[in-house]
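Open the model in your viewer and keep the selection tool at hand. The tour goes from one stop to the next, and each stop says what to select and what is there.

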Amino acid sequence: MTILVTGCAGFIGSNFVHTWLASSDETVINLDKLTYAGNLANLKSLQGDARHVFVHGDIGDRALVDQLLREHQPRAVLNFAAESHVDRSIHGPGEFIQTNVMGTFHLLESVRAYWQVLPETQRQSFRFLHVSTDEVYGTLSPTDPPFAETKNYEPNSPYSASKAASDHLVRAWHHTYGLPVLTTNCSNNYGPFHFPEKLIPLVLLNALAGKALPIYGDGQQVRDWLYVQDHCRAITRVLDAGKVGETYNIGGWNEKPNLEVVNTLCAVLDELKPRADGKNYAEQITYVKDRPGHDRRYAIDARKVERELGWRPEETFETGIRKTVAWYLINQAWVEDVTSGAYRQWVGQQYGA
Ligand code: NAD
Ligand code: TYD
């Protein structure tokens, strides 16, 4: 059997492919546009593995997706592909609408055409799983309960608004056409292959390079951190046993203010790779201008996925961050590969000299 996954040269998708193939021989067709965030180096260890077929292309390319579906007859399509960085969505929202909204629309239409003519048993068992984010729910005050699946959508950034739109399309394709969909809304991930534009890998690499560790605003914004492989296991569990048409919130029960995240990261680095001058990495922390419209707090109520599907995260923040730091320390070649010219251009634009 075969699954078609999209956007799996990126951070979460590539971790998903590795996790999947570690416990299954089911072939993975991986459709990715290879934007700045897509990196074949994330999949290097799968070179020559016939169970992984990489296809360079856009989820919005109907002819290509129709052909892939016809040719490979997948039993499921998992949509990871997206523009995913809030700060980039503020600088240029167009690509976010193009891929996250229009791309998801075209993908849904291709999948619907394929699914509608499948033989009955395959039609019944087929699934379209849409990978989404907790950011669609908006922001929480310190005393609000965490986001449950029943929380109304209140997206605040161009990124979260485009993901919210894609979630709505997926929902509508189920209610209107009967497409058997599943949606997951997950909190902030971290771990191996994380592109260093996001907080954790950016701070980690800046720390090692002796550069400033930029904290937006007062650093008291709260995120709910989940180790990426826990997220991948949750997606597999939802694919296997999730109820068609349902959404599942996935989170790590790890709410932390950004400043605490950065201090923890610095403390792990102090231990694993002490600074040559004997000082602490935390001395490199620098407060910078806040992100416009910065959401104050995200937190996930992950009780539904635990109650109905028996999933719980295996890593705590402390174990996950240690694994992450260790991974970056031994994967310098990967770091050099991804921090190329285009990356430096972004850092210059976002943080100045
Ligand atoms: P990422 O930016 O690291 O990777 C996105 C991948 O999608 C890249 O490989 C890119 O080349 C590909 N892509 C972009 N546009 C495409 C297109 N039009 N067609 C085909 N491929 C395209 O993102 P990520 O962090 O791995 O996130 C994956 C998914 O998970 C996204 O849908 C994101 O919204 C969601 N999500 C991310 C997080 C997080 O913390 N990173 C949390 C919750 C949900
Ligand atoms: P990020 O990793 O971009 O994820 P998201 O915006 O999707 O939650 O940012 C995580 C938090 O860290 C967010 O509150 C913004 C903050 N942040 C900084 O303080 N400095 C930085 O350089 C970056 C990239 C993020």
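This is a predicted model: local features need pLDDT of at least 70, side-chain atom pairs count only at pLDDT 80 or more; totals for chains, interfaces and linings use all residues.

Residues are numbered from 1 along each chain as its sequence is written, chains are lettered from A and ligands numbered from 1 in the order in which they are written, and side-chain values use heavy atoms, with hydrogens and water left out.

**Stop 1: ligand 1**

Select ligand 1 and the residues around it, meaning those with a heavy atom within 4 Å of it. There are 28 of them, and Ile12, Asp32, Ser84, Tyr159 and Lys163 come nearest.

Next, look for polar contacts (here, pairs of N or O atoms within 3.5 Å). Show the backbone of Gly10: one of its polar atoms is 2.9 Å from an oxygen atom of ligand 1. At Lys33, a backbone N or O atom lies 3.1 Å from a nitrogen atom of the ligand. At Thr35, a backbone N or O atom is 3.0 Å from a ligand oxygen atom. Taken alone, ligand 1 exposes 830 Å², and the protein buries 97% of that (Shrake-Rupley method, 1.4 Å probe).

Now colour by helix and strand, which are DSSP runs (helices H or I, at least four residues; strands E, at least two), numbered from the N terminus. Which element gives the largest share of the shell around ligand 1? Strand β5 does, with three residues.

**Stop 2: ligand 2**

Move to ligand 2, which has 18 residues around it; Glu135, Arg223, Arg291, His294 and Tyr351 come nearest. Show side chains this time. A polar side-chain atom of Arg223 lies 2.7 Å from an oxygen atom of ligand 2, and one of Asn258 lies 2.9 Å from a ligand oxygen. For Tyr351, the distance from a side-chain N or O atom to an oxygen of the ligand is 2.6 Å. On its own ligand 2 exposes 510 Å², of which the protein buries 97%. Strand β8 supplies the largest share of this shell, three residues.

**Stop 3: Ala234**

Finally, select Ala234, in helix α8 (residues 228-241). Is Ala234 buried or exposed? Ala234 counts as buried because its relative accessibility is 0%; buried means under 20%, exposed over 50% and partly exposed in between (1.4 Å probe, protein chains only). Leaving aside neighbours within four places in sequence, Ala234 is in contact with Ile250 and Trp311, where contact means heavy atoms within 4.5 Å.

Note on methods:
A polar contact is a pair of N or O atoms within 3.5 Å; within protein, one must be able to donate a hydrogen and the other to accept it, and residues adjacent in sequence count only if both atoms are side-chain atoms.
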